[in-house]
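Student: I would like to go through some of the labels used for this model and see what each one rests on.
Tutor: Then take them one at a time, with the structure in view.

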Amino acid sequence: KISAGLNSRKHLTSLSSVRSLKMKTLDDIKKIKSIDKSRMLRQLNEFPRQCREALDIGSRFSAKINLKEINKIVFAGMGGSAIGADLVKSYLARESRLPIVVVRDYFLPRYVDQKSLVFITSYSGNTEETISAYTQARAKRAKIIIICSGGKLLAEAKGKGIPYVVIPSNLIPRAALGYLSIAPLVVLSKIGLVKDQSKPIKETAKALEGLRDNSLGIGIKQNKNIAKQIAKRLFGKFVIIYAAIDGLEAVVTRFRGQLAENSKTLSWSHIFPEMNHNEIVGWQHPKDLFKHLSVVFLKDKDDYYRTKSRMDITKKILKDEGVQIIDINTQGKSLLSRIFSLIYICDFVSFYLAIINKTDPTPVDK
C-alpha cells in the first residue's frame with residue numbers, strides 16, 4: 001500500500017509538471033506562433049478594425065424599403081454567418097418593434113410572406129441551406145437583403161436587382177463576425193427600424209482595442225491576461241456555459257462554437273432563468289464527473305436582479321458539489337460594447353486553450 005501511494009504521488013507530480021510546462025507556452029510568443037500556423041491570432045487582433053469597417057460598409061447601403069410594408073425581420077444563415085444574426089437579435093431584443101427570427105435551415109417558416117424583411121446571410125455566398133432559403137424568400141415575394149462576400153448569392157443580387165451588402169472575402173466565417181453582425185445592424189438603422197448605431201459601434205471598437213492591448217493580447221503575461229488565466233483553468237475540463245437570456249444568449253452560442261472550432265473542445269450551455277426549471281435537478285449525478293467539469297458564468301451588470309439571484313444560488317449549489325466555477329463579466333458602457341467585450345474575451349480564451357491543446361485554431365475538418 002505504501003508503494004502504491006508513492007507511485008500515485010509520483011504520477012500526480014508528473015501530471016502537475018506536464019500541466020505547468022503546457023501553461024508556460026502561453027507566455028512563449030514564438031511557441032504560440034508555431035502552433036497558430038494559420039494565423040488566427042492576426043484575425044483576432046484585427047477584430048476592432050473589422051467593426052469600424054463594418055460600420056462604413058453598412059453606412060453605404062442606400063436601397064429604399066417601405067417600413068409600412070414590413071411586420072417581421074427574418075435572418076437566414078448557417079454557422080458563423082448565423083451568429084452575427086443571433087447577436088443582432090439579442091442586442092435589439094428590447095428595442096426592435098418588430099419580431100426578429102434567425103433561421104438555420106433549408107426551409108423558411110410558413111409565416112414568411114410579402115411583409116417579411118429577410119436577410120440572406122452567407123459569408124461565402126454559396127451556403128447550400130441559405131441558397132435554398134433565398135429561393136423560398138423569392139417565391140414568397142419577401143423583401144430581401146443579401147449579405148455575403150461573393151459567390152452565387154452576390155451574382156443573384158446583381159443579376160436580379162436585389163439589395164445587397166458586400167463584405168471582405170478571404171476570411172473564415174467565424175472570424176468575420178464584425179462584418180456579419182455590425183453591417184446588418186447598421187442597415188437596419190439606415191432603413192429606420194432602429195436608432196442610429198454609429199456611436200455605440202465606435203465605442204465598441206475602441207473598447208475592444210483597449211481589451212486587446214491591456215488584457216488579452218499575446219504580449220500580455222499570464223498574471224495580467226484574463227484570457228490566458230481562464231484558458232489555463234479550462235484545460236482538461238468539459239466546459240459548461242451559463243448566462244442570462246437578456247443580451248447574452250448569442251454570446252453563449254458563440255463561445256460554445258469557438259471552443260469547438262478553435263480549441264477542439266466539447267462544451268454544453270444553457271440559459272437562465274430556464275436552467276433553473278429543469279437542468280438544475282440534473283446536478284446530482286454522476287458525481288464522479290464533477291471534478292472534470294468547469295462551469296463558466298457569463299455576466300452583465302444589467303442582468304435582471306431576480307436572474308442574478310438565481311445564478312448566485314446555482315453557483316453556491318455547484319461549489320458545494322466541488323465544481324470549478326469561473327465568472328466572466330462584460331466590460332464597457334453601452335450594451336453593444338458590453339456584449340462584444342464578452343465575445344472578444346471568450347474568443348481569446350478559445351484561442352489560448354487551442355494553444356495549450358497544441359492544436360492550430362483555424363482548420364476545421366467537416
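**Helices and a buried threonine**

Tutor: In this predicted model, helix α6 (residues 128-139) and helix α7 (residues 151-160) have axes that come within 11 Å and cross at roughly 20°.

Student: What makes α6 roughly parallel to α7?
Tutor: The crossing angle is roughly 20°. Angles under 35 degrees count as roughly parallel, so α6 is described as roughly parallel to α7. The crossing of α6 past α7 is right-handed.

Student: Which residues of α6 and α7 meet?
Tutor: From α6 come Thr130, Ile131, Tyr134 and Arg138; from α7, Lys152, Leu153, Glu156 and Lys160. By class, the residues of this contact are three nonpolar, one polar and four charged.

Student: How do you know that the end-to-end span of helix α13 (residues 335-356) agrees with its 22 residues?
Tutor: At 1.5 Å a residue, α13 should span 32 Å, and its end C-alpha atoms are 32 Å apart, so the two agree. After α13 comes lysine 358, with a positive phi near 60°.

Student: Why is α13 called largely enclosed by the rest of the structure?
Tutor: Because 21 of its 22 residues are buried.

Student: Why is threonine 204 called buried?
Tutor: Buried means under 20% relative accessible area. Threonine 204 has 1%, so it is buried. Threonine 204 lies in helix α9 (residues 198-216).

Student: What is threonine 204 in contact with, leaving aside its neighbours within four places in sequence?
Tutor: Threonine 204 is in contact with Ser334, Leu336, Ser337 and Phe340.

Key: Residues are numbered from 1 along each chain as its sequence is written. This is a predicted model: local features need pLDDT of at least 70, side-chain atom pairs count only at pLDDT 80 or more; totals for chains, interfaces and linings use all residues. Side-chain values use heavy atoms; hydrogens and water are left out. Axes are lines fitted to C-alpha atoms, for helices over the stretch in contact, and angles run from 0 to 180 degrees between N-to-C directions. Helices (H or I, at least four residues) and strands (E, at least two) are DSSP runs, numbered from the N terminus. Angles under 35 degrees count as roughly parallel, over 145 as roughly antiparallel, 65 to 115 as roughly perpendicular and the rest as oblique. A crossing is left-handed if the near helix is turned anticlockwise from the far one by less than a right angle, and right-handed if clockwise. Contact means heavy atoms within 4.5 Å. Ala, Val, Leu, Ile, Met, Phe, Trp, Tyr, Cys and Pro count as nonpolar, Asp, Glu, Lys and Arg as charged, and the others, Gly among them, as polar. The expected span of a helix is 1.5 Å times one less than its number of residues. Buried means under 20% relative accessible area, exposed over 50%, partly exposed in between (1.4 Å probe, protein chains only).
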